[in-house]
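Please read the following report with the sequence and the 3D structure open beside it.

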Amino acid sequence: MSELTPGRRAELLEQRLVEHGHVHPDDLDAAVAAAESPAGDQPSTALGARVVARAWAEPDFRDRLVAQPVETLSEYVPQPVPIAVLVDTPTLHHVIVCTLCSCYPSALLGNPPAWYKSFEYRSLVVREPRAVLAEFGTELDPGVEIRVHDSTAEQRYLVLPLRPGGTDGWSQEQLARLVTRNSMIGTGRPLPPAGAAASG
Amino acid sequence: MDGVHDLGGMHGFGSIPVEADDEPIFHQPWEGRVWAISATTMRRTTIDRFRWHIEQMPPAAYLISSYYARWLWAVERLAAEQGLLDGPASVPVAPRPPSSTPRWNGRFRPGQPVRVANRVTAGHCRVPRYLRRQVGRVERVACAWPNPGESAARGTYGEPELVYTVVFAAEDLFGPGADHVLSADLSERDLEAP
């Protein structure tokens with residue numbers, strides 16, 4: 001089978017599994033469609049952004065999220081794998097990776113981006129995080145400690161980035177628009193308020 | 001196992017293939033099919049056995065295969081060993097362990113120095129090569145989860161064991177000039193007194 005293209009092999013595999021009643025093509029279609037266009041209450045960048053924005057706006061929620069992350073996030077969507085929240089500060093910046101495979105907080109953020117699963121990112125970010133972050137356009141002050149979290153066990157991570165300045169009084173909906181996927185992984189920062197204020 | 005999948009700290013792979021935030025999740029239609037099909041095989045095994053299968057790819061094949069092509073390799077083998085290609089499933093659904101926080105104490109305490117054991121077999125292992133024999137400091141108990149090597153070998157989950165978050169000075173791992181901190185989650189049985 002290995003001489004066939006992956007696409008052809010996937011087709012043959014699906015045929016065999018359908019033949020024996022283990023999968024139904026309609027169910028596969030639905031699963032792919034849901035992953036590509038997640039509903040509001042399903043794991044996605046948008047759902048993660050809502051959580052981060054609420055943590056910025058509500059100190060009690062933030063404390064609960066940090067102290068009891070599995071329970072708190074399960075109020076939004078089930079967390080079948082332990083998850084912890086990494087809180088950025090002005091002097092500490094967290095970034096996550098999985099050097100051995102592709103472990104990612106999928107139960108909150110959905111499927112990881114391709115670069116997160118790439119050999120390039122997996123090999124280098126543990127060794128030269130400042131250089132890797134620079135490739136994402138993220139420059140950190142030399143005084144900021146970088147902590148790289150290699151997801152080597154069934155323990156997932158969500159980065160809680162710093163709330164951008166100039167956002168006092170913003171609603172959670174407005175704040176959520178500043179939260180990028182990469183800011184919850186640690187390779188990026190939230191958007192500056194200037195760009196998003198007009199649409200907020 | 002000392003496999004090609006253990007990429008942490010390697011040089012030479014080049015710059016990161018950064019894409020826009022709204023990149024498609026699946027870049028080819030078959031990738032979505034493989035992802036969706038995988039759920040059927042994952043119900044009847046452990047995440048560790050899925051990973052172990054991928055780690056069995058010949059190194060050259062691993063390096064030239066795309067992400068979901070590596071998944072496909074594992075899903076084909078899981079489907080075969082679960083009997084799904086020939087009739088009804090030959091193995092039952094594997095119950096998952098809970099994701100709750102452990103309430104018991106282990107051998108190590110936060111702040112304590114620990115050495116990563118150099119105890120690697122040809123089986124599945126979650127200690128990256130770049131951390132073996134290194135001394136770090138226990139940050140906290142991370143979670144409790146069944147042993148990955150045993151879960152991979154059996155295809156079912158056993159009793160949870162403590163997993164610790166351990167932090168390392170990158171300078172110790174990668175030499176002078178590395179000024180960051182590396183954090184990893186390691187099983188109690190992979191740690192020892194320094």
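Strand E3 of chain A is joined by four bridges to strand E4 (residues 181–187) of chain B, and the two run parallel. Strands here are DSSP runs of E with at least two residues, helices are runs of H or I with at least four residues, and both are numbered from the N terminus; two strands pair if DSSP finds at least two bridges between them. Within this pairing, A:His149 stands opposite B:Ser183 in E4(B).

This is a predicted model, in which local features need pLDDT of at least 70 and side-chain atom pairs count only at pLDDT 80 or more, while totals for chains, interfaces and linings use all residues. Residues are numbered from 1 along each chain as its sequence is written, and chains are lettered from A and ligands numbered from 1 in the order in which they are written.

Between the chains, 55 residues of chain A are in contact with 55 residues of chain B, where contact means that the C-beta atoms of two residues, placed from the backbone, lie within 7 Å. The elements in the table each supply at least two residues of the side of chain A that touches chain B.

| Element of chain A | Residues |
|---|---|
| Helix H1 | 6–19 |
| Helix H2 | 25–36 |
| Helix H7 | 119–124 |
| Helix H8 | 129–135 |
| Strand E3 | 145–150 |

The largest share of this side, eight residues, comes from H1(A).

Chain A as a whole has eleven helices and four strands, and its C-alpha trace spans about 60 × 35 × 35 Å along its principal axes. The domain assignment of chain A gives domain 1 (6–36) and domain 2 (45–197), with bounds that come from an automatic or database domain assignment. Taken over C-alpha atoms, the centres of domain 1 of chain A and domain 2 of chain A are separated by 32 Å.
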